[in-house]
Amino acid sequence: MAEPRAFVTGFPISHSRSPIIHRYWLKQHALRGNYDAVPVEPKDFASFLDRVRKGEFVGGNVTIPHKEQAFAGVDWRDEAAEAIGAVNTLWMDGGKLCGGNTDAYGFAADLDQSAPGWDKARTALVIGAGGAARAIVHALMARGFADIRIANRTQARAEDLAAHFGGPVTAHRLEGAADLATDAGLVVNTTSVGMKGEDGAPLDVAHLPSSAIVSDIVYVPLQTPLLADARRRGLKTVNGLGMLLHQAVPGFERWFGVRPEVTPELRALIEADVAAAR
Ligand code: NAP
């Protein structure tokens, strides 16, 4: 029998750390199988899904810009994918192409590991209203946050997101974010501000409560300007690497039959790769 083969697809995709993560687990568990980065242009994505349906792969991960096309193209979606409106994990089941979203799971699982008790906070400020923010808001709602404030540069996008999720989610301007943060137990940056090459933090942390946890889902660099500011103030910080690692767990288990662990060794491996890319 051919070796089970999984993939990560996006465009471009050469920057993806997913092959390092999944190959580490394949080796650690001495499993037969492969995990490759497969670049697919948006115009070719539908035919790529046909290749998955025909059994060329056991499944795989989907990233920018294909998460919405994957959502539309699968035969079945899990609850998280339905709520978030995007698919990042594909697998076959009973002849059906299935799509899930593990980003919310990855975010929450990482905070469970890195900042136990994080979900006792009831009020969260989410900066940004893009695709990743949807996953974060879904995770916060699933953990029972009672007040979720979204602040975004383009306020209309924050309003769309608040309307999509309803309940405890409200929309705000980015300029007012510092005021919204004064009683927030958790602040999450989901914008690309602070990524490699960009200066500045998206929020002034001066008025955050001293018990606040500050999370930045950007992981290049590992220490973003927001996290550096928060650390200087003595606040608990969580970088974006753990979310990346934990979101990979459910897919690996589906494709290769073993639930892998996010070990300190794996973290160190990806940290070194991120540091080398700077
Ligand atoms: P996206 O859909 O393109 O959304 C980008 C967000 O950033 C929007 O809210 C956008 O605001 C905001 N933004 C961009 N430039 C800005 C600026 N100069 N000032 C203020 N706001 C700005 O992207 P995404 O898919 O949500 O991803 C966002 C980030 O999350 C990326 O850095 C990505 O690498 C990271 N991420 C990490 C993980 C992980 O596993 N750790 C997973 C997913 C994503 P507007 O709406 O005003 O344009």
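Of the 22 residues around the ligand, the nearest are Ala-132, Asn-152, Thr-154, Arg-157 and Ile-217; "around" here asks for a heavy atom within 4 Å of the molecule. This is a predicted model, where local features need pLDDT of at least 70, side-chain atom pairs count only at pLDDT 80 or more, and totals for chains, interfaces and linings use all residues. Side-chain values use heavy atoms, with hydrogens and water left out, and residues are numbered from 1 along each chain as its sequence is written.

By class, that shell splits into 11 nonpolar, 9 polar and 2 charged residues. For the classes, Ala, Val, Leu, Ile, Met, Phe, Trp, Tyr, Cys and Pro are nonpolar, Asp, Glu, Lys and Arg are charged, and the others, Gly among them, are polar. Helix 6 (131-142) and helix 10 (241-247) each put at least two residues into the shell; helices are DSSP runs of H or I with at least four residues, strands are E runs of at least two, and both are numbered from the N terminus.

Now for the polar contacts, meaning pairs of N or O atoms within 3.5 Å:

| Residue | Atom on the protein side | Distance to a ligand oxygen |
|---|---|---|
| Ala-129 | backbone N or O | 2.9 Å |
| Arg-157 | polar side-chain atom | 2.8 Å |
| Leu-244 | polar backbone atom | 3.3 Å |

Taken alone, the ligand exposes 920 Å², and the protein buries 77% of that (Shrake-Rupley areas, 1.4 Å probe).

Where does the ligand sit? Its space is the largest pocket, which holds about 1,400 Å³. A pocket is an open set of points on a 1 Å grid over the protein atoms alone, with protein on both sides within 12 Å along at least five of seven lines, and lining residues have an atom within 4 Å of a point. A molecule counts as sitting there if more than half of its atoms lie within 2 Å of the grid points. Volume is the space filled by probe spheres set on the points, which are joined across faces, edges and corners.

The lining of this pocket runs to 46 residues, with Ile-64, Lys-67, Ala-132, Met-195 and Ile-217 closest to its centre. Helix 6 gives the most, 4 residues, and strand 3 (59-62) and helix 3 (67-73) are among the elements that supply at least two.

Note on methods: A polar contact is a pair of N or O atoms within 3.5 Å; within protein, one must be able to donate a hydrogen and the other to accept it, and residues adjacent in sequence count only if both atoms are side-chain atoms. On a 1 Å grid over the protein atoms alone, a cavity is a set of points where a 1.4 Å probe fits but cannot get out, and a pocket is an open set with protein on both sides within 12 Å along at least five of seven lines; lining residues have an atom within 4 Å of a point.
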